[in-house]
Amino acid sequence: MATKIRLQRGGRKGYAFYRIVIADARAPRDGKFTEKIGTYNPNTNPATVDLNFDRALYWVEVGAQPTDTVRNILSKEGVYLMKHLKGGVKKGAFDEATLQKKFDAWKADKQKGADAIREKEAKAKKDAVAKELDQEKKINEEIAKKVAEKKAAAAAAKAEAEAAAAAEATAEEAPAAEAAEVPAEA
């Protein structure tokens, strides 16, 4: 039986989520499988891979052929590097401790790169939120300025109306006062 390491699709429309499975080469994409060795979520940045490393290494070593996408995933997770390093141990090029040291160094470097991508994305989101907040503050300041101008104009119009009413009232009182004074003199 020819075995393949392939992706089995899941998730909803427009939001794919995959299981990494070991299946017979003749089985359909979403059909029967021998073993599930992990998951792959391409919707995150960077893509999220949850892999049973030991089982993936076992299947690669016994000759299961991965699809192109799965080969890239396994390579990025270090399965092929570990297979290569184990070949060096079998040939006597180095020992098991050196193998583990080399793999851990590679894994740490890989993790540092992924963390840098996550930090960059988080910073970009934070900057976008700050920029949006600044724009909103500017818009609110402009609105507040317009409201203040309208209130000042309304207050000035009210004061002007009161001044005109007061002037009218004093103008009416003055002739009345003169009229009241004139008969008193006569």
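Is Ile143 buried, partly exposed or exposed, and what is its relative accessible area? Ile143 is partly exposed, at 45%, where buried means under 20% relative accessible area, exposed over 50% and partly exposed in between (1.4 Å probe, protein chains only). The model shown is predicted: local features need pLDDT of at least 70, side-chain atom pairs count only at 80 or more, and totals for chains, interfaces and linings use all residues. Residues are numbered from 1 along each chain as its sequence is written, and side-chain values use heavy atoms, without hydrogens or water.

**View 1. Ile143 and Val147 on helix H4.** Both Ile143 and Val147 belong to H4, which spans residues 96-185 (helices are DSSP runs of H or I with at least four residues, strands are E runs of at least two, numbered from the N terminus). Val147 is partly exposed, at 39% relative accessibility. Follow the chain for 22 residues from Val147 to Ala169, and their C-alpha atoms are 32 Å apart.

**View 2. The lining of the largest pocket.** Here a pocket is an open set of points on a 1 Å grid over the protein atoms alone, with protein on both sides within 12 Å along at least five of seven lines, and lining residues have an atom within 4 Å of a point. The lining has 17 residues, with Pro46, Ala47, Lys76, Glu77 and Lys110 nearest the centre. Strand E4 (48-51), helix H2 (68-77) and H4 each give two or more residues. H4 contributes the most, with 7.

Notes: 1 Å grid on protein atoms, 1.4 Å probe; cavity = no way out; pocket = protein on both sides within 12 Å on 5 of 7 lines; lining within 4 Å.
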